[in-house]
Amino acid sequence: MKVKVSNANTPNWKDVIVKSTVPAELEKLVEVSRNIWWSWNYEATELFKDLDPELWKESGHNPVLLLECMSYEKLESLLEDKTILKRMNEVYAKFKDYMDVKPDATRPSVAYFSMEYGLTSVLKIYSGGLGVLAGDYLKEASDSNVDLCAVGFLYRYGYFTQSLAIDGQQIANYEAQNFGQLPIDKVMGADGQQLVVKVPYMDYFVSAYVWKVNVGRITLYLLDTDNEFNSEFDRPITHQLYGGDWENRLKQEILLGIGGMLTLQALDIRKDVYHCNEGHAALINVQRICDYVKTGMTYGEAVELVRASSLYTVHTPVPAGHDYFDESLFGKYMSGYPQKMGITWDDLMGLGRTDPEDKNERFCMSTFACNTSQEVNGVSWLHGKVSQEMFSSIWRGYFPEESHVGYVTNGVHFPTWSATEWKQLYGKYFSENFMSDQSNPQIWEAIYDVADEEIWKTRQAMKNKLVDYIRKQFRESWLKNQGDPSRIVSLMDKINPNALLIGFGRRFATYKRAHLLFTDLERLAGIVNNPNYPVQFLFTGKAHPHDGAGQGLIKRIIEVSRRPEFLGKIIFLENYDMQLARRLVSGVDIWLNTPTRPLEASGTSGEKALMNGVLNFSVLDGWWLEGYRENAGWALTEKRTYQNQEHQDQLDAATIYSLLETEILPLYYDRNEKGLPEGWIKYVKNSIARIAPHYTMKRQLDDYYNKFYIKLAQRFKLLSANDNAKAKEIAAWKEDVVAKWDSIEVVSSEKVEELTNGSIESGREYTITYVIDERGLNDAVGMELVTTYTTPEGKQHVYSVEPFSVIRREGNLYTFQVRHSISNAGSFKVAYRMFPRNTDIPHRQDFCYVRWFY
């Protein structure tokens with residue numbers, strides 16, 4: 001008999017997750033850990049940290065993971081720590097007092113949709129500024145106690161984690177999130193199982209699990225398609241943020257828009273206003289129209305109600321930045337919707353085209369959002385103007401400056417981005433109601449009462465904190481990707497908290513011009529190696545994995561930073577996330593921003609720095625065009641000197657060097673007998689007092705209510721009352737106008753000969769009269785005389801718009817008259833514009849029918 005040397009079968013391993021059992025006395029910690037409220041309340045984060053500092057660091061500052069990984073013995077030992085128990089009870093009492101406040105029923109309720117949310121670095125469902133802004137918005141909505149809910153995605157991999165190869169090439173690492181270790185909860189259905197929303201795609205359904213994030217008093221619902229119900233083609237829909245091809249992007253936007261609305265329906269949630277944060281969620285209006293039509297309404301009636309309750313916020317300053325889909329791809333997934341909407345396929349495609357008749361034009365989500373939303377806004381004053389220009393082709397017949405497109409300048413959530421040390425200083429000197437009245441400039445003026453020594457001490461503390469963070473956080477990664485250990489040790493030693501620290505942190509897109517500082521390396525070397533004025537630059541940021549040019553900029557900065565004359569003077573910090581951002585915006589002395597004007601829609605990193613006594617040095621673009629004040633920061637002019645961008649870059653770089661050499665560095669190093677830079681501290685106080693109150697998220701949220709939400713809610717209420725009577729009336733009126741518009745006839749006109757010949761005298765009044773046959777429209781026509789001028793650059797702008805008055809009516813014949821004069825001499829263009837008139841429509845672009853004649 002042959003003896004076997006071994007005999008073993010293959011084990012059938014079973015995954016077993018062992019979680020800590022938290023003693024009942026510590027359950028308060030668990031409750032607080034599962035609400036993102038802890039992320040902007042330092043008493044809570046400090047409490048979690050002190051439970052186990054080493055484990056807090058290992059858990060990535062994630063309290064859910066912290067408690068899960070804490071040993072039973074450690075948890076039991078906490079029960080004997082009276083100080084910890086006392087702090088736990090104090091934090092919990094503060095949390096419960098906060099949560100027990102009911103929403104303000106006097107303000108309209110809002111449903112908010114966004115592709116990304118930056119709430120905490122623990123929850124990787126954001127990539128950059130758009131997401132962080134959305135996260136800040138939810139936090140302030142909670143603090144301001146408004147009735148708002150939000151919808152987004154729970155990404156399995158989120159956005160990438162950045163590392164660098166030895167040659168400086170960016171490496172994008174996608175790391176899966178373990179949902180069981182995140183501060184999120186399953187949304188449970190009536191059957192006791194996790195709620196699943198089925199979203200129609202072509203001839204099948206995609207199933208999405210519904211999760212929720214408790215953001216203080218606000219609930220953020222997240223959709224997740226990475227489940228066993230879906231095929232291998234659909235599970236990845238929520239794998240990556242801005243990942244995959246255009247087909248996956250369309251599938252994501254169907255899920256966010258249509259799936260987002262189906263989620264709210266499943267939860268029986270109805271709101272007064274529906275807010276699209278960027279065009280990714282535009283398809284919510286497709287689903288909303290379908291829902292109204294399903295009740296028996298016509299498309300025209302349904303779209304009146306949808307428009308009246310919809311706001312679209314655009315964050316992109318150029319047409320190329322919007323999402324466009326080929327008709328064949330769009331039709332693959334959306335061809336069944338026109339029938340549900342009560343329109344044709346061409347009608348639906350036309351809603352996404354600037355020219356509905358152009359069959360070659362792709363479907364644009366932003367154009368669709370504009371056509372189905374009553375209100376549209378940019379995210380700064382300048383971006384509002386840029387957006388009026390960008391979208392002007394949608395509403396032909398009106399000039400950009402006549403557009404209804406408005407703006408709300410972005411802000412930042414003060415409790416999130418103001419460092420603990422600054423919050424404590426503000427709390428010591430500002431009035432007690434400061435947190436509830438953050439955008440009141442009078443409160444911020446108290447900063448002038450703070451001693452220079454205290455301002456400087458706080459600033460230096462934050463700089464030391466940043467330098468310590470860099471030394472601890474980046475040593476390992478630098479040793480891995482920079483090769484020479486001796487150079488890393490030298491680099492660590494050269495990071496100098498006493499030097500002027502200048503920070504630059506943002507997405508590495510070429511228009512951000514991260515390369516600008518390196519235009520003249522010889523001059524830059526002279527600046528950073530001046531022993532009397534030491535200065536160091538800290539760069540950080542990610543480039544999109546498909547953006548080769550952006551990745552090239554990062555590689556270039558790495559190469560320059562390794563040159564002997566720049567070692568320790570130019571430093572790149574990899575993997576820019578919210579945690580690193582908090583350190584940077586509070587620890588540097590200057591926040592540098594150098595975008596190509598006017599391509600910075602708003603920018604908020606400089607606003608975050610502002611809350612921490614950091615001075616801004618930026619191009620007058622985005623928010624800084626509004627925010628800049630003399631003696632409170634520095635600015636590069638918004639005006640272009642050269643059309644050639646390379647020449648403009650060289651001029652802007654030279655200006656940066658000059659300001660550093662002649663103003664900024666001398667001001668920083670001019671010390672009084674106490675060793676304090678009085679002039680610099682005065683700039684800091686001016687920046688805090690004169691700029692900061694205008695850029696809080698509190699002010700931004702209030703602006704959205706005052707400019708948009710309130711009037712939308714009021715108009716929707718008017719249109720939907722009495723079984724949607726007003727919506728039906730307006731829809732019928734529009735149909736009547738459309739049917740008769742082309743038959744409206746100019747019967748006669750009386751114009752002075754000089755005006756007809758194109759030569760009039762300035763200051764002299766002329767009378768113009770028109771008789772119009774309205775063809776039974778019953779006073780539904782308005783007329784105006786439009787005078788324009790042309791700029792030296794060849795752009796036509798409105799000089800004046802003078803409305804005609806109806807002076808006589810005989811049946812269908814209406815006599816219109818206007819008295820016209822131009823006070824300035826010069827060259828002008830004059831034409832007459834006819835439009836549909838109805839006091840029930842919110843603005844002209846709502847029903848954009850125009851006829852010009854002369």
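**Close-up views of a cavity and a helix pair**

**View 1. Residue classes around the second largest cavity.** Sorted by class, the residues lining the second largest cavity comprise three nonpolar, eight polar and three charged ones. This view, like those that follow, is drawn from a predicted model. The cavity shown has a volume of about 60 Å³, and the structure as a whole holds five cavities of 30 Å³ or more.

**View 2. Residues and elements that line the second largest cavity.** Of the 14 lining residues, Arg506, Asn593, Gly606, Ser618 and Trp623 are the closest to the centre of the second largest cavity. Two or more lining residues are given by each of strand 18 (590-593), helix 24 (605-610), strand 19 (615-619) and helix 25 (623-627).

**View 3. Packing geometry of helix 10 and helix 28.** Helix 10, which spans residues 299-308, packs against helix 28, residues 697-740, at an angle of about 150°, and the two axes lie 8 Å apart. Because angles over 145 degrees count as roughly antiparallel, helix 10 and helix 28 are therefore described as roughly antiparallel to each other. The crossing of this pair, helix 10 with helix 28, is right-handed.

**View 4. Residues in the contact of helix 10 with helix 28.** From helix 10, the residues Gly300, Glu301, Glu304, Leu305, Arg307 and Ala308 take part in the contact, and on the side of helix 28 they meet Leu712, Arg715, Phe716, Leu719, Ser720, Asn724, Ala727, Lys728, Ile730, Ala731 and Lys734. Taken by class, this contact between helix 10 and helix 28 has eight nonpolar, three polar and six charged residues.

Terms used. Residues are numbered from 1 along each chain as its sequence is written. This is a predicted model: local features need pLDDT of at least 70, side-chain atom pairs count only at pLDDT 80 or more; totals for chains, interfaces and linings use all residues. Side-chain values use heavy atoms; hydrogens and water are left out. Axes are lines fitted to C-alpha atoms, for helices over the stretch in contact, and angles run from 0 to 180 degrees between N-to-C directions. Helices (H or I, at least four residues) and strands (E, at least two) are DSSP runs, numbered from the N terminus. Angles under 35 degrees count as roughly parallel, over 145 as roughly antiparallel, 65 to 115 as roughly perpendicular and the rest as oblique. A crossing is left-handed if the near helix is turned anticlockwise from the far one by less than a right angle, and right-handed if clockwise. Contact means heavy atoms within 4.5 Å. Ala, Val, Leu, Ile, Met, Phe, Trp, Tyr, Cys and Pro count as nonpolar, Asp, Glu, Lys and Arg as charged, and the others, Gly among them, as polar. On a 1 Å grid over the protein atoms alone, a cavity is a set of points where a 1.4 Å probe fits but cannot get out, and a pocket is an open set with protein on both sides within 12 Å along at least five of seven lines; lining residues have an atom within 4 Å of a point. Grid points are joined across faces, edges and corners, and a volume is the space filled by probe spheres set on the points.
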